[in-house]
Amino acid sequence: MGTSQSHPTYQGQVMSTKEPEPGPPYPGPPAQYQFVNTQVTIGTQISFSFTQTHMVTSDINTYYPFLGAQYAQGYRLLSFYRIPGQTRVTGFMNATVAVPFQGIFCRYPNVPTHEKWHLHIEKSVIQTQRMVSGIITFNTQRGVVSDTSHIMESIARNTQGGGRLICIEMTGQQQSQSTRLAYSGLSPVMGVDLFFEKPEHPMPEQFVYNCVCVPINVTYQGGFRPVPVVQCDWLGVLAQNLSQGWRLIEIFMDMTCSTQAHGFSATQTLNSMWFFEKAASRMNDSTPVYQGTVVPHEIIINAGFGGTTTSAHWEPVIEKMGSRGWELACILETPESHISGMASIARKCLLFFQRRILPPVGVAPGAIGFNLPPPPPYDSMPAGYGQVQPGLYQPPPPPPEYK
């Protein structure tokens, strides 16, 4: 279900939208992956005083032991992703929902490190708001933004002292909302789980974060089974931020939606939130230090008498990319889908990868095109970054030993 056709990956700037060609051997270490599947119980009641709502959310105790145990083996969490299309409901009056999630971990067993981390999870909320001129200043389109203040406060608080953001996953939903809020045009408050790593080693590096809101346009043409057409400059947004030395952490869909009807067609604008990370010591250094690629992948959702089942099957793709040094940044489920078979739907996902851009084997760090300071060790900045000259849109020619 991954794509077999491929194109080159360009260093620091434009990235491939197919699985990249192998090219010369990557001089960095390969990434070793571990996949942990678990059922998350969603039925816990929680409330936040500032939202005036009560929320049904995930029970962290049902999945934390499975994720936290991986750190003892040297793995670090990259993504905790909800497998779409699959749920199991138990009970009647006080029903709970079991939702399948997959934790994706990575380690570099041949790279020595002094770092030691533990996993920390915190709950937060997000709410859509209508823009009011002079009050909300987010740079978005169509006048709809989301209130992410609590998320930002949580990130700022948990990344002090060397903590790092891993991913954000929507795991809760609003149970009740006041009539006043409903008539004001505000959408329900949605619950999210924020995943962090907390350092246990001395003198950890400090990191800063940047959130970029990117609109995603979806067009639906008239017909019995309209196929959504998604328009978003995935590569351009990724390239622009990587070229400034940032590292992609997460792309989060905040459920904001603005719809415009055009006769027998309609256009929706969704909002995606791209979270990027940079070492605080390099905050004023705009030298690009990462290369990335985007690999499209289809998942199949099958409907049957016993409910729905999903075949994601992205593990072989991720492991193959890891053998070339690519580290998964995030998985993004897009609105693009089509009917596949009698009772199946194929949905398009995007797998975002990063890795350091290092001089090819046999090329000294001071060679032309790589006259840059050496990167920090792998244990201080994870694989997924490298350094290139700004404006370099083609990879440098391989050294003579690559024929």
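**Burial, contacts and cysteines in the predicted model**

Arg-282 is buried, its relative accessible area being 12%; buried denotes under 20% relative accessible area, exposed over 50% and partly exposed in between, for a 1.4 Å probe and protein chains only. The structure is a predicted model, in which local features need pLDDT of at least 70 and side-chain atom pairs count only at pLDDT 80 or more, while totals for chains, interfaces and linings use all residues. Residues are numbered from 1 along each chain as its sequence is written, and side-chain values use heavy atoms, with hydrogens and water left out.

Arg-282 lies in the loop that joins strand S13 (265-279) to strand S14 (291-304). Apart from neighbours within four places in sequence, Arg-282 contacts (heavy atoms within 4.5 Å) Gly-245, Thr-287 and Val-289.

The protein comprises five helices and 17 strands, taken as DSSP runs numbered from the N terminus (helices, H or I, at least four residues; strands, E, at least two). Of its 403 residues, 51% are buried. Among contacts with a separation of 6 or more, 74% are between residues 24 or more positions apart.

In helix H2 (residues 149-158), the buried residues are His-150, Ile-151, Ser-154, Ile-155 and Asn-158. Viewed down the axis of H2, these residues fall within an arc of 140° and therefore line one face of the helix; the arc is that of the directions from the helix axis to the C-beta atoms.

The structure contains zero disulfides, a disulfide being a pair of cysteine sulfur atoms within 2.5 Å. The sulfur of Cys-330 is 9.8 Å from the closest cysteine sulfur, that of Cys-167, which is too far for a bond. Cys-330 is buried, with a relative accessible area of 1%, and Cys-349 is buried at 0%.
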